[in-house]
Amino acid sequence: MSQVIAIDGPAASGKSTVANRVSETLGIPYINTGNMYRTVTFYLLNHGIDPLSPDNKQIESLLSAMDMDYRKAPDGIFRIYLNDSQVADSDIRSPEVTASVSPVAAMPEVRSRLFELQRHFASLGLIVMEGRDIGTVIFPDAQYKFFVTATPYARALRRLNQGGETPENSTVQEVADQIAERDRIDSTRAVAPLKQANDATFVDTTDMTIEEVVEFITSRVK
């Protein structure tokens, strides 16, 4: 059994914030796999890759030359490094990256490369890892599994409140539609689709505060 707290869920469900708080509460590393896919998306876009018309050979070449790691930064927090440079949130949470991350994440070459990296992080000891396929594919033997979600309306509001990820003047309905399309892509992709693991605890965060969700999860881990 892997010493992993697996937190899965759809876009804007609050799982990243929750996972970060859980790691702080328990004093263990937090691995944000969503940010890993965003980093790959940022990397590929910067090399002229069109996610809707990808050149598979070029992508394979770029991925083989890519060095990505989670390291403890000078502030003591584990952060993503791409080719030895710390990745900035502003780079990977732009509207352009947000719009392209789902098709990039559906690429078998990308998933294979990141699967290898994500499994490696179990060597850090007990960790919190969140994403869409942690409890089903990456660590099906994770000791703790949670599936975090919320209503589409609540998730759209959260995404708007995050800032920077949506085009200026976006409406709640427009963001909800974008989230629904991402859910469709993530849930129907051929490789590692988004779904709840059979042995995962379901957590509906629609009417819960962050503190309540963190307490719910940490109390079960403790």
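Analyst: Happy to, starting with a term: helices (H or I, at least four residues) and strands (E, at least two) are DSSP runs, numbered from the N terminus. This is a predicted model, where local features need pLDDT of at least 70, side-chain atom pairs count only at pLDDT 80 or more, and totals for chains, interfaces and linings use all residues. Residues are numbered from 1 along each chain as its sequence is written, and side-chain values use heavy atoms, with hydrogens and water left out.

User: Which element gives the most to the lining of the second largest pocket?
Analyst: That's α9, with 6 residues. A pocket is an open set of points on a 1 Å grid over the protein atoms alone, where a 1.4 Å probe fits, with protein on both sides within 12 Å along at least five of seven lines; lining residues have an atom within 4 Å of a point. This pocket is lined by 15 residues, and T98, A99, Q178, I179 and R182 lie nearest its centre.

User: How much space lies in the second largest pocket?
Analyst: About 240 Å³. Volume here is the space filled by probe spheres set on the grid points, which are joined across faces, edges and corners.

User: And what volume does the largest pocket have?
Analyst: About 990 Å³. Its lining has 40 residues, with S16, Y30, N32, N35 and R93 nearest the centre. The biggest contributor is α1, which gives 6 residues.

User: New topic: how many aromatic pairs does the structure hold?
Analyst: There are 2. Rings of Phe, Tyr and Trp (its six-membered ring) pair if their centres lie within 6.5 Å; planes under 30 degrees apart count as stacked, over 60 as edge-to-face and the rest as tilted. Y70 and F121 make an edge-to-face pair, 5.7 Å centre to centre with 90 degrees between the planes. Y70 is in strand β3 and F121 in the loop between α6 and β6, 51 residues apart.

User: Is Y70 buried or exposed?
Analyst: Y70 counts as buried because its relative accessibility is 7%. Buried means under 20% relative accessible area, exposed over 50%, partly exposed in between (1.4 Å probe, protein chains only). F121 is buried too, at 3%.

User: What about F147 and F202?
Analyst: They form a stacked pair, 6.4 Å centre to centre and 15 degrees between the planes. F147 sits in strand β7 and F202 in strand β8, so the pair ties together parts 55 residues apart in sequence. F147 is buried at 10%, while F202 is partly exposed at 45%.
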